[in-house]
Amino acid sequence: MSVLRSLESKIAGLVEGTFSRAFRSEVRPVEIARRLAREMEEHKSFSVSRTYVPNEYVVYLSPRDRERFADYEEALAGELAGYLLEFARRERLAMVSRPVIEFQTDGRLGLGEFGIQTRVVHQPPDDAPPAEVGNAGGRTMIHSTADRLSEPLQERARATFATVLLLVDGKRLVVGPSGATIGRSRQCDVVLTDPNVSRQHAELRPRGGSWVLSDLGATNGVVLNGRRIDAPEVVRPGDRIELGTSTLTFELE
């Protein structure tokens, strides 16, 4: 098992084990992890040879949510920092130091809401205080878990952190963390040579802790488990996706 998969399993384990028993709050560790990674990607800065991302993250919680995290906060912060470090390495993003996660309470937040603020801070080699890089502090982004899909928590954790595969013609195609477009065009992430497939036929994207399949306006439509879909639908391991005369099987590893 890779270091990244190991860290992801630890995060999922926190949810399925100790944390799932400790928390009745709407805020879950996997949701924080997913949002932290998204905030990292959305606050990139570019140099000649590198793409930098924030190395410090403040997570604001409602008083009730923060209280439930109290006994596990240090352990969770460490796991989240490790996850972000490996996420950055996988995406070839640079940080000036190991990521730091800090939790704070914000009384303006309701149960199930949390905020994330990012910034880039240089860590000097001596005992001098850390120096913030330019105007690197991002505004606090507020997230809500009110629209969480009504799936079992264990399934949601697995869907968030597992490797996504599409099985087609005996091949195992790995889908990246941001999802994939599927079609006949060479510009697609998953290219099918089937003449009955549109140039940009469908897409598979992570959403709300699950993976969602959407029709991109294909002439022949998208069929999921024998039924043509009219709107984006959640896919689960073992689901069969039919595009043209091609059949793909969705799996989590």
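Predicted model: local features only at pLDDT ≥ 70, side-chain atom pairs only at ≥ 80, totals over all residues.
- E9 is mostly covered, with 4 of its 5 residues buried.
- At the other end of the order, strand E15 (residues 223-224) is joined to E16 by 2 bridges, again antiparallel.
- In that pairing, valine 223 stands opposite arginine 228 in E16.

- Strand E19 (residues 246-252) has 5 of its 7 residues buried, so it is largely enclosed by the rest of the structure.
- E18 and E19 run antiparallel and are joined by 4 bridges.
- Within this pair, glutamate 242 stands opposite threonine 247 in E19.
- E18 and E19 form a hairpin with 2 residues between them, and glycine 244 in the turn has a positive phi of about 60 degrees.

- Where does arginine 236 lie? Arginine 236 sits in the loop between strand E17 (233-235) and E18.
- Arginine 236 counts as partly exposed because its relative accessibility is 36%, a value between the 20% limit for buried and the 50% limit for exposed.
- Arginine 236 and phenylalanine 250 are 14 residues apart in sequence, with 6.8 Å between their C-alpha atoms in space.

**Helix H5**

- Helix H5 (residues 73-90) has 18 residues and reaches 26 Å from its first C-alpha to its last, close to the 26 Å expected at 1.5 Å a residue.
- H5 is mostly covered, since 13 of its 18 residues are buried.
- Arginine 92 follows H5 and has a positive phi, near 60 degrees.

**Aromatic pairs**

- How many aromatic pairs does the count come to? The count comes to 2 aromatic pairs.
- One of them is formed by phenylalanine 69 and phenylalanine 103, with 6.1 Å centre to centre and 25 degrees between the planes, and it is stacked.
- This pair links distant parts of the chain: phenylalanine 69 is in helix H4 (residues 63-69) and phenylalanine 103 is in strand E4 (residues 100-105), 34 residues apart.
- Phenylalanine 69 is buried, with a relative accessible area of 0%, and phenylalanine 103 is buried at 6%.
- The rings of tyrosine 83 and phenylalanine 87 have their centres 6.2 Å apart and their planes at 35 degrees, so this pair is tilted.
- Tyrosine 83 and phenylalanine 87 both lie in helix H5, 4 residues apart, about one turn of the helix.
- An α-helix has 3.6 residues a turn, so residues three or four places apart point the same way.
- Tyrosine 83 and phenylalanine 87 are both buried.

**Confidence across the model**

- The protein averages a pLDDT of 78, and 73% of the residues score at least 70.
- Which element has the lowest mean pLDDT, and which the highest? Helix H2 (residues 18-22) has the lowest at 45, while strand E18 (residues 240-243) has the highest at 96.
- Over residues 124-137 the pLDDT stays under 50, and the model has 19 contacts for this stretch beyond four places in sequence.
- Residues 146-154 also have a pLDDT below 50, and this stretch has 16 contacts in the model beyond near neighbours in sequence.

Technical notes
Residues numbered from 1 in each chain as written. Heavy atoms only, no water. Pairing = 2+ DSSP bridges. pLDDT = per-residue confidence, 0-100. Contact = heavy atoms within 4.5 Å. Expected span 1.5 Å × (residues − 1). Buried < 20%, exposed > 50% of the residue type's maximum accessible area, 1.4 Å probe, protein only. Phe/Tyr/Trp six-rings, centres within 6.5 Å; stacked < 30°, edge-to-face > 60°.
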